[in-house]
Amino acid sequence: MLTSLLGLFIIGFVVVLSVGYFVSVYNSLIRVKHNIEKAWKNIDVLLKQRRDELVKLMDTVKAHMRYEQNLLRELTKARTSYESAGTVAQKAEADRLMTRAFRSLFAVAENYPQISASQSFGHLEKRISELEDQISDRREFYNDSVYTYNMRIEQIPYSFIASMLGYHRKEYFKVEEEEKADVKIEL
């Protein structure tokens, strides 16, 4: 009788320990998954703020840049692509378009002293630069979260639970080679 109670106690202890371990692994996976979502939402907020600043910036420079219609079209396309983006990949592409458009705009603005001297243009340029820095920091956090998540779902025993939950690798927020290059402006 005592041995059967001891056996039931040991089995119960092992079951409780196993369930506790499973819950711990599960919660860990959920935590890293939500870190990625939180990181992306932080980037998304900044991208929206930058898009809003783009509208103001376009209004500021339109009057001065009558001959730069291609650049204004590029800026409009960048803004529109963000508004229509639904997925992380589409928003990342919209971010690339916006970054390229801002670089071009600031490079061209140097050729228009009346724009560069404008107080509102200077304020918007500074604000956009601040947003770019914040976006860069958030991208780094996002990619760190993706790294942790991807590593975790490949490690044993996490991989078993991750496959049961249908978790798959997430993509990093990448910087394209063209974004690293200098902007060439021809007037």
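A residue counts as exposed when its relative accessible area is over 50%, and as buried when that value is under 20%. With these cut-offs in hand, the predicted model described here can be explored from its overall fold down to two individual residues.

The protein chain contains 7 helices and 0 strands, and along the sequence its elements follow the pattern α-α-α-α-α-α-α. Of its 187 residues, 35% count as buried. Among contacts in the chain with a separation of 6 or more, 77% join residues 24 or more positions apart. The accessible surface of the chain comes to about 11,800 Å², and carbon and sulfur atoms make up 56% of that area.

On this surface there is a nonpolar patch formed by Ile-11, Val-15, Val-19, Phe-22, Val-23, Tyr-26, Met-164 and Leu-165, which together have about 710 Å² of accessible area. Two or more residues of the patch come from each of α1 (2-62) and α6 (158-165), and α1 gives the most, with 6 residues. Met-164 is found in helix α6. The relative accessibility of Met-164 is 60%, so this residue counts as exposed under the over 50% cut-off.

Which residues does Lys-91 contact, leaving aside its neighbours within four places in sequence? They are Trp-40, Asp-44, Leu-47, Tyr-82 and Ala-85.

Definitions and conventions
Residues are numbered from 1 along each chain as its sequence is written. This is a predicted model: local features need pLDDT of at least 70, side-chain atom pairs count only at pLDDT 80 or more; totals for chains, interfaces and linings use all residues. Side-chain values use heavy atoms; hydrogens and water are left out. Contact means heavy atoms within 4.5 Å. Helices (H or I, at least four residues) and strands (E, at least two) are DSSP runs, numbered from the N terminus. Buried means under 20% relative accessible area, exposed over 50%, partly exposed in between (1.4 Å probe, protein chains only). Accessible areas come from the Shrake-Rupley method with a 1.4 Å probe; for residues, only the protein chains shown count as cover. Patches are made of residues with over 30% relative accessible area and no salt bridge: like charges are joined within 9 Å, nonpolar side chains (Val, Leu, Ile, Met, Phe, Trp, Tyr) within 5 Å. A salt bridge is a side-chain nitrogen of Lys or Arg within 4 Å of a carboxyl oxygen of Asp or Glu.
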